[in-house]
Amino acid sequence: MDGRRRTKEIVDPTYPLLEANCSVIESIRRETFTYGSSDVHKVCLVYPPFVEEKPLTGSDGLPPILVFFYGGGLVRGSCSSPPSYLVHNNLGAFFASRGILVVIPDYRLVPGITFPEGSEDVRDAIEWTIENVAEGDSNRFYAIAQHYYGSAKKVSANHPLSLLRRTDDSHIRSLPPVQNIMADSEPRVISTSMRTFAREFRKRGGTVDEFVLEGHDHLSPILALSSGSGEDWGYDVVRWIMG
(Lines give C-alpha, C1' and ligand atoms only; values in the text may rest on other atoms or scores of the structure.)
Protein backbone atom coordinates (compact mmCIF):
# COMPACT_ATOMS: atom_id res chain seq x y z
CA MET A 1 0.00 0.00 0.00
CA ASP A 2 1.22 3.54 -0.81
CA GLY A 3 2.75 5.18 2.30
CA ARG A 4 0.52 8.26 2.23
CA ARG A 5 -2.62 6.19 1.69
CA ARG A 6 -1.63 3.87 4.53
CA THR A 7 -1.01 6.77 6.91
CA LYS A 8 -4.34 8.38 6.03
CA GLU A 9 -6.13 5.13 6.84
CA ILE A 10 -4.25 4.70 10.12
CA VAL A 11 -5.09 8.20 11.39
CA ASP A 12 -8.70 8.20 10.17
CA PRO A 13 -10.58 9.47 13.28
CA THR A 14 -13.01 6.54 13.07
CA TYR A 15 -9.97 4.20 13.39
CA PRO A 16 -11.23 1.54 10.95
CA LEU A 17 -8.05 -0.54 11.26
CA LEU A 18 -8.26 -0.65 15.06
CA GLU A 19 -12.00 -1.32 14.95
CA ALA A 20 -11.32 -4.31 12.71
CA ASN A 21 -9.01 -5.71 15.41
CA CYS A 22 -11.13 -4.61 18.36
CA SER A 23 -11.75 -8.13 19.67
CA VAL A 24 -8.01 -8.89 19.73
CA ILE A 25 -7.17 -5.62 21.47
CA GLU A 26 -9.92 -6.07 24.06
CA SER A 27 -8.94 -9.70 24.74
CA ILE A 28 -5.72 -8.65 26.49
CA ARG A 29 -6.08 -8.41 30.27
CA ARG A 30 -6.02 -4.87 31.72
CA GLU A 31 -6.34 -3.56 35.25
CA THR A 32 -6.38 -0.02 36.67
CA PHE A 33 -4.62 1.14 39.85
CA THR A 34 -4.06 4.43 41.70
CA TYR A 35 -0.57 5.89 42.08
CA GLY A 36 -1.31 9.32 43.57
CA SER A 37 -3.68 11.41 45.64
CA SER A 38 -6.08 12.69 42.96
CA ASP A 39 -8.71 10.95 40.83
CA VAL A 40 -6.46 11.53 37.80
CA HIS A 41 -3.53 9.54 39.21
CA LYS A 42 -4.40 6.22 37.58
CA VAL A 43 -2.26 3.65 35.82
CA CYS A 44 -3.51 1.01 33.41
CA LEU A 45 -1.54 -2.23 33.51
CA VAL A 46 -1.70 -4.45 30.44
CA TYR A 47 -0.51 -7.99 31.11
CA PRO A 48 1.20 -10.44 28.76
CA PRO A 49 -0.73 -13.63 28.04
CA PHE A 50 0.36 -16.75 29.88
CA VAL A 51 1.31 -20.05 28.29
CA GLU A 52 1.39 -23.09 30.59
CA GLU A 53 1.01 -20.69 33.55
CA LYS A 54 4.28 -18.94 32.72
CA PRO A 55 4.68 -15.51 31.09
CA LEU A 56 6.26 -15.26 27.64
CA THR A 57 9.56 -13.95 28.99
CA GLY A 58 13.22 -14.65 29.52
CA SER A 59 14.85 -17.02 31.96
CA ASP A 60 14.01 -14.98 35.07
CA GLY A 61 10.30 -15.74 34.65
CA LEU A 62 9.15 -12.11 34.80
CA PRO A 63 8.34 -9.93 31.79
CA PRO A 64 10.15 -6.66 31.15
CA ILE A 65 8.19 -3.50 31.97
CA LEU A 66 7.37 -0.79 29.43
CA VAL A 67 5.84 2.50 30.63
CA PHE A 68 4.14 4.61 27.96
CA PHE A 69 3.49 8.33 28.46
CA TYR A 70 1.05 9.59 25.83
CA GLY A 71 1.33 13.06 24.31
CA GLY A 72 -1.15 15.89 24.09
CA GLY A 73 0.81 18.96 25.14
CA LEU A 74 -0.25 18.54 28.79
CA VAL A 75 -3.71 19.78 27.82
CA ARG A 76 -5.38 16.59 26.53
CA GLY A 77 -5.03 12.83 26.51
CA SER A 78 -5.94 9.78 28.54
CA CYS A 79 -4.92 6.17 29.07
CA SER A 80 -7.81 5.08 26.86
CA SER A 81 -9.07 7.72 24.45
CA PRO A 82 -12.54 8.20 22.94
CA PRO A 83 -14.49 7.74 20.77
CA SER A 84 -13.80 4.02 20.56
CA TYR A 85 -11.47 3.79 23.59
CA LEU A 86 -9.12 1.67 21.51
CA VAL A 87 -6.43 4.35 21.27
CA HIS A 88 -3.55 3.53 23.65
CA ASN A 89 -5.24 0.23 24.50
CA ASN A 90 -3.95 -0.79 21.06
CA LEU A 91 -0.38 -0.01 22.14
CA GLY A 92 -0.78 -1.93 25.37
CA ALA A 93 -2.20 -4.94 23.55
CA PHE A 94 0.55 -4.90 20.92
CA PHE A 95 3.44 -5.03 23.37
CA ALA A 96 1.72 -7.19 25.99
CA SER A 97 0.88 -9.84 23.40
CA ARG A 98 4.61 -10.04 22.71
CA GLY A 99 5.62 -10.69 26.30
CA ILE A 100 6.01 -7.18 27.72
CA LEU A 101 4.08 -5.84 30.72
CA VAL A 102 2.79 -2.40 29.75
CA VAL A 103 2.00 0.48 32.12
CA ILE A 104 0.08 3.53 30.82
CA PRO A 105 -0.30 6.32 33.40
CA ASP A 106 -2.79 9.15 33.37
CA TYR A 107 -1.45 12.45 34.67
CA ARG A 108 -2.74 15.89 35.59
CA LEU A 109 -3.28 18.41 32.79
CA VAL A 110 -3.20 22.18 32.27
CA PRO A 111 -4.85 24.38 33.52
CA GLY A 112 -5.07 22.30 36.68
CA ILE A 113 -1.31 22.16 37.16
CA THR A 114 1.81 24.31 36.94
CA PHE A 115 5.46 23.36 36.51
CA PRO A 116 6.87 21.05 37.84
CA GLU A 117 3.71 19.09 38.70
CA GLY A 118 3.56 17.34 35.32
CA SER A 119 7.13 16.12 35.76
CA GLU A 120 6.32 15.04 39.30
CA ASP A 121 3.46 12.89 38.00
CA VAL A 122 5.86 11.19 35.58
CA ARG A 123 8.31 10.57 38.42
CA ASP A 124 5.61 9.28 40.76
CA ALA A 125 4.18 6.92 38.13
CA ILE A 126 7.62 5.44 37.48
CA GLU A 127 8.38 5.06 41.19
CA TRP A 128 4.98 3.46 41.82
CA THR A 129 5.55 0.99 38.99
CA ILE A 130 8.98 -0.06 40.25
CA GLU A 131 7.76 -0.43 43.83
CA ASN A 132 4.38 -2.10 43.20
CA VAL A 133 4.32 -4.06 39.95
CA ALA A 134 5.61 -7.38 41.22
CA GLU A 135 4.44 -9.17 38.05
CA GLY A 136 7.19 -7.44 36.04
CA ASP A 137 10.98 -7.31 36.14
CA SER A 138 11.94 -3.84 37.38
CA ASN A 139 15.55 -4.52 36.36
CA ARG A 140 14.34 -4.50 32.75
CA PHE A 141 12.49 -1.20 32.76
CA TYR A 142 11.81 0.82 29.60
CA ALA A 143 9.82 3.94 28.78
CA ILE A 144 8.29 5.42 25.64
CA ALA A 145 7.07 9.02 25.61
CA GLN A 146 5.44 11.15 22.94
CA HIS A 147 7.08 14.53 23.23
CA TYR A 148 8.12 17.83 21.69
CA TYR A 149 11.39 19.31 22.94
CA GLY A 150 10.79 22.98 22.09
CA SER A 151 12.11 25.35 19.46
CA ALA A 152 15.88 25.70 19.34
CA LYS A 153 15.44 29.46 18.85
CA LYS A 154 12.81 30.17 21.49
CA VAL A 155 12.28 27.89 24.46
CA SER A 156 10.83 28.60 27.90
CA ALA A 157 12.93 28.06 31.00
CA ASN A 158 11.01 24.93 31.98
CA HIS A 159 10.91 23.27 28.55
CA PRO A 160 12.85 19.98 28.12
CA LEU A 161 15.49 21.57 25.89
CA SER A 162 16.13 24.35 28.39
CA LEU A 163 16.21 21.89 31.29
CA LEU A 164 18.76 19.79 29.40
CA ARG A 165 21.00 22.81 28.95
CA ARG A 166 20.95 23.42 32.71
CA THR A 167 21.60 19.80 33.69
CA ASP A 168 25.01 18.73 34.99
CA ASP A 169 27.06 16.70 32.51
CA SER A 170 27.73 13.96 35.06
CA HIS A 171 23.99 13.38 35.45
CA ILE A 172 23.48 13.14 31.69
CA ARG A 173 26.31 10.61 31.39
CA SER A 174 24.63 8.47 34.07
CA LEU A 175 21.35 8.17 32.13
CA PRO A 176 20.47 5.02 30.16
CA PRO A 177 20.61 5.03 26.35
CA VAL A 178 17.86 6.96 24.55
CA GLN A 179 16.22 6.20 21.22
CA ASN A 180 15.03 9.35 19.46
CA ILE A 181 12.29 8.20 17.06
CA MET A 182 10.55 10.58 14.66
CA ALA A 183 8.22 10.22 11.71
CA ASP A 184 9.44 11.21 8.27
CA SER A 185 6.43 13.55 7.92
CA GLU A 186 6.81 15.33 11.26
CA PRO A 187 6.10 19.08 11.25
CA ARG A 188 9.40 20.89 10.73
CA VAL A 189 9.34 22.53 14.15
CA ILE A 190 9.05 19.11 15.82
CA SER A 191 11.71 17.32 13.75
CA THR A 192 14.12 20.25 14.21
CA SER A 193 13.60 20.33 17.96
CA MET A 194 14.08 16.56 18.25
CA ARG A 195 17.35 16.68 16.31
CA THR A 196 18.54 19.64 18.38
CA PHE A 197 17.77 17.82 21.62
CA ALA A 198 19.56 14.67 20.43
CA ARG A 199 22.60 16.67 19.32
CA GLU A 200 22.90 18.48 22.65
CA PHE A 201 22.22 15.31 24.66
CA ARG A 202 25.01 13.54 22.78
CA LYS A 203 27.38 16.50 23.09
CA ARG A 204 26.92 16.46 26.86
CA GLY A 205 27.92 12.80 27.10
CA GLY A 206 24.55 11.07 26.70
CA THR A 207 23.93 8.08 24.45
CA VAL A 208 21.20 8.57 21.86
CA ASP A 209 20.32 6.78 18.63
CA GLU A 210 18.09 8.47 16.06
CA PHE A 211 15.54 6.71 13.84
CA VAL A 212 13.14 7.97 11.18
CA LEU A 213 9.88 6.08 10.59
CA GLU A 214 9.19 5.99 6.86
CA GLY A 215 5.57 6.39 5.80
CA HIS A 216 4.44 7.87 9.12
CA ASP A 217 3.29 11.27 10.33
CA HIS A 218 3.24 12.65 13.87
CA LEU A 219 0.18 10.65 14.97
CA SER A 220 0.32 7.44 12.99
CA PRO A 221 3.07 5.42 14.77
CA ILE A 222 1.02 4.91 17.95
CA LEU A 223 -2.25 4.42 16.05
CA ALA A 224 -0.61 1.82 13.80
CA LEU A 225 0.02 -0.68 16.59
CA SER A 226 -2.44 -3.59 16.59
CA SER A 227 -3.81 -2.29 13.28
CA GLY A 228 -1.89 -4.67 11.03
CA SER A 229 -0.36 -1.75 9.10
CA GLY A 230 2.73 0.34 9.79
CA GLU A 231 3.75 -1.70 12.84
CA ASP A 232 7.40 -2.25 11.87
CA TRP A 233 8.70 0.22 14.44
CA GLY A 234 6.82 -1.64 17.19
CA TYR A 235 8.52 -4.89 16.26
CA ASP A 236 11.88 -3.08 16.36
CA VAL A 237 11.10 -1.91 19.92
CA VAL A 238 10.14 -5.46 20.94
CA ARG A 239 13.46 -6.79 19.61
CA TRP A 240 15.33 -4.02 21.44
CA ILE A 241 13.59 -4.79 24.73
CA MET A 242 13.67 -8.57 24.50
CA GLY A 243 17.26 -8.62 23.28
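The model is predicted: local features need pLDDT of at least 70, side-chain atom pairs count only at pLDDT 80 or more, and totals for chains, interfaces and linings use all residues. Residues are numbered from 1 along each chain as its sequence is written, and side-chain values use heavy atoms, leaving out hydrogens and water.

A nonpolar core is a set of buried Ala, Val, Leu, Ile, Met, Phe, Trp, Tyr and Cys residues joined through side-chain atoms within 4.5 Å; buried means under 20% relative accessible area, exposed over 50%, and partly exposed in between (1.4 Å probe, protein chains only). The largest such core has 45 residues, and L45, L91 and F95 have the most contacts inside it. Another core, of seven residues, lies apart from it and includes L161, L164, I172 and V208.

T167 is found in the loop between helix 6 (160-166) and helix 7 (169-174); helices here are DSSP runs (H or I, at least four residues), as are strands (E, at least two), numbered from the N terminus. Values for T167 are tabulated below.

| Item | Value |
|---|---|
| T167, relative accessible area | 24% |
| T167 to R204, C-alpha to C-alpha | 9.3 Å |
| T167 side chain to backbone oxygen of L163 | 2.7 Å |

T167 is thus classed as partly exposed.

In the second largest pocket, F211, L213, D232, W233 and D236 are the closest to the centre among the 15 lining residues. Helix 10 gives the largest share of this lining, five residues.

Technical notes: Polar contact = N/O pair within 3.5 Å; in protein donor to acceptor, adjacent residues only side chain to side chain. 1 Å grid on protein atoms, 1.4 Å probe; cavity = no way out; pocket = protein on both sides within 12 Å on 5 of 7 lines; lining within 4 Å.
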